[in-house]
Amino acid sequence: MRTVEATWEKRNVGVECFEIEIGKNDSVEAVLDTIHARNEKYFVAKVLAGRADVLLALQKEGFQFIEMNFQTEIELSEKPNPPAICANLIERTGYHIGDEKEAERVIDEIRAGNIFSTDKVALDPFFSQKIAGQRYAFWTQDVLASDKAKLIITEYSGEDVGFNIVIDKGRYYDGFLGGLFTDYLNSGLGFANVYASLNAVFNLGGRKIFSGVSSNNFQMLKLHMMFGMKIKRLTYNLIKHV
């Protein structure tokens with residue numbers, strides 16, 4: 001069992017948060033005892049797939065299911081190959097590493113609250129899509145302050161259409177966050193954004209990428225599968241407001 005006192009969420013979403021991550025060997029009794037000992041107003045429980053006993057117990061405690069999270073992984077032993085269905089379109093796709101000014105643009109676009117609409121904060125009636133944008137904007141500022149993070153700007157036909165933020169973890173890269181800019185949200189260019197991130201990490205010397213996708217964003221999960229990513233872990237995410 002892993003627990004996190006996510007006090008930074010007070011800044012991000014207005015309330016302090018307690019997170020608990022339940023693995024395959026954690027007992028239901030230990031999980032409930034841990035939760036009962038806390039007095040935060042917002043709880044997030046991440047339950048490893050297969051732990052139906054914990055899933056049912058938490059729902060009796062007032063937790064509500066909000067999403068599944070798929071952790072995907074891809075090995076980059078060679079330059080990424082696009083799926084045949086969009087191979088011709090990839091020729092128009094490029095990228096560049098963003099500078100500080102572009103980082104400010106990305107943070108402003110995220111804060112506006114239009115880009116991310118499918119995660120556990122955006123879909124939570126207690127919060128909103130606007131608050132989700134605020135949360136990701138603060139989080140992005142923190143991440144980009146590290147020299148281990150890279151901002152990748154996706155280009156398509158000469159236009160900047162999206163972004164990805166990846167973090168060098170040494171043995172692998174963490175695909176922290178990515179999305180299309182507001183003007184391109186309905187453009188169908190998600191494939192270009194995925195390809196740009198893979199290509200950039202490969203050129204940076206990375207040979208493995210881990211990323212997370214919400215079940216509420218099924219289109220992105222399909223894109224991950226199209227580009228050869230494999231599902232390595234699945235968790236159920238539940239929330240509770242007191």
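**Exercise 1.** Check the span of helix α7 (residues 190-203) against its 14 residues.

Solution. Take 1.5 Å a residue; the 14 residues of α7 should then span 20 Å. The expected span is 1.5 Å times one less than the number of residues. The end C-alpha atoms of α7 are 20 Å apart, which agrees. Helices here are DSSP runs (H or I, at least four residues) and strands are E runs of at least two, numbered from the N terminus.

This is a predicted model: local features need pLDDT of at least 70, side-chain atom pairs pLDDT 80 or more, and totals for chains, interfaces and linings use all residues. Residues are numbered from 1 along each chain as its sequence is written, and side-chain values use heavy atoms, without hydrogens and water.

**Exercise 2.** Find how many residues of α7 are buried.

Solution. Buried means under 20% relative accessible area, with a 1.4 Å probe and protein chains only. In α7, 13 of the 14 residues are buried, so the helix is largely enclosed by the rest of the structure. Just after α7, glycine 205 takes a positive phi of about 100°.

**Exercise 3.** Describe how α2 (residues 28-36) packs with α3 (residues 52-60).

Solution. The angle is about 35°, and the axes are 10 Å apart. Axes are lines fitted to C-alpha atoms over the stretch in contact, and angles run from 0 to 180 degrees between N-to-C directions. Val28, Val31, Leu32 and Ile35 in α2 meet Asp53, Val54, Ala57 and Leu58 in α3.

Terms used
Contact = heavy atoms within 4.5 Å. Buried < 20%, exposed > 50% of the residue type's maximum accessible area, 1.4 Å probe, protein only.
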